[in-house]
Amino acid sequence: MIRSILLTTIFMTSGVLFSQNLKSVSYQDGSQKLNGMVTSNAGKKLPGVLILPAWKGIDDEAKTAAAELEKQGYIAFIADIYGEGNIPADSDAAGKASGHYKQNYTEYQKRISLALEQLKKNGATKFAVIGYCFGGTGALEVARANMPVAGVISIHGSIGKDQTRKNGPISTKMLIENPADDKGVTPQDYDNLIKEMNEGSADWQIITYAHSKHTFTDPKSPDYNEVMAKRAWNHTLMFLKEVLK
């Protein structure tokens, strides 16, 4: 128990410590200023990973992932979806903000595309996208938009899609990391996603993590499952190695 607490504490603070090696990058969507973050190896010719953060914007989990990806030889860029002055202050605001982009998915896709451009400008030669929670939904939108990426990973993302939207071809490889006890994912959502990926002739894989609730990878969440979070991260690295190296 003590060892588990110590490991969790270290992981929770690592995002803050690692963020010292992340550089802020400002870019624009029209008149809206966006503030992303890039790893310190920016400018080198390396494969790149775009990180789409959870519903409250850039957080410690995204920063920790970026730092760990840099260690693996990737340039990582954390996207700012909401923009300066629009970062949610609490869960209610985050629900409204993320809900707007889920409903207006073309706006979400545009913000992601702009972040991908920044990843390219910072030296990345080949791209993949990973997303947590709301960002996991964004990773699916990358695949639906057929953006020029080698692969996408949706980590406890909201996988439901408005069924009035038609399914289309999907050219990128997909990994869905799905917590078994996520109350936000219905059996119908799950079946519809599989149908969508099959109809799109996608190269896809779903890994379901036992005894795991929604935000099982986040050490700050009461849902955190240390064993399954480590497995999910190893699966993430395995997938990235396959599609980027």
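1. In this note, buried means a relative accessible area under 20%, exposed means over 50%, and partly exposed lies in between, computed with a 1.4 Å probe on protein chains only. By this scale E84, at 44% relative accessibility, counts as partly exposed.

2. The model is predicted: local features need pLDDT of at least 70, side-chain atom pairs count only at pLDDT 80 or more, and totals for chains, interfaces and linings use all residues. Residues are numbered from 1 along each chain as its sequence is written, and side-chain values use heavy atoms, with hydrogens and water left out.

3. The structure holds six aromatic pairs. Rings of Phe, Tyr and Trp (its six-membered ring) pair if their centres lie within 6.5 Å; planes under 30 degrees apart count as stacked, over 60 as edge-to-face and the rest as tilted. The pair of Y27 and F77 is edge-to-face, because the ring centres are 5.8 Å apart and the planes stand at 65 degrees. Since Y27 belongs to strand 1 (residues 22-29) and F77 to strand 4 (residues 75-78), this pair ties together parts that are 50 residues apart in sequence. Strands (E, at least two residues) and helices (H or I, at least four) are DSSP runs, numbered from the N terminus. Both Y27 and F77 are buried.

4. A tilted aromatic pair is formed by Y82 and Y101, with 6.0 Å centre to centre and 50 degrees between the planes. Y82 is in the loop between strand 4 and helix 3 (91-103), whereas Y101 is in helix 3; the pair links distant parts of the chain, 19 residues apart. Y82 and Y101 are both buried. Together with Y108 and F134, these two residues form one aromatic cluster.

5. Two charged side chains are placed over rings. The criterion is that NZ of Lys or CZ of Arg is within 6 Å of the ring centre and within 35 degrees of the ring normal. R165 lies over the face of Y105, at 3.4 Å from the ring centre. The charged end of K245 sits over the ring of Y74, 4.6 Å from the centre of that ring.

6. The structure holds 12 salt bridges, each defined as a side-chain nitrogen of Lys or Arg within 4 Å of a carboxyl oxygen of Asp or Glu. One of them joins D29 and K110, at 2.9 Å from N to O. The pair links distant parts of the chain, with D29 in strand 1 and K110 in helix 4 (residues 105-121), 81 residues apart. D29 counts as buried at 14% relative accessibility, while K110 is partly exposed at 46%.

7. K33 and E84 meet in a salt bridge of 3.6 Å, N to O. K33 lies in strand 2 (residues 32-39) and E84 in the loop between strand 4 and helix 3, so the pair ties together parts that are 51 residues apart in sequence. K33 is partly exposed, with a relative accessible area of 30%.

8. E199 and K195 form a salt bridge in which the closest N and O atoms are 2.6 Å apart. Both residues lie in helix 6 (residues 187-199), four residues apart, about one turn of the helix. E199 is partly exposed at 46% relative accessibility, and K195 is partly exposed at 45%.

9. A network of salt bridges links E141, R144, K161, R165 and E196. R165, a member of this network, is also the residue that lies over the face of Y105.
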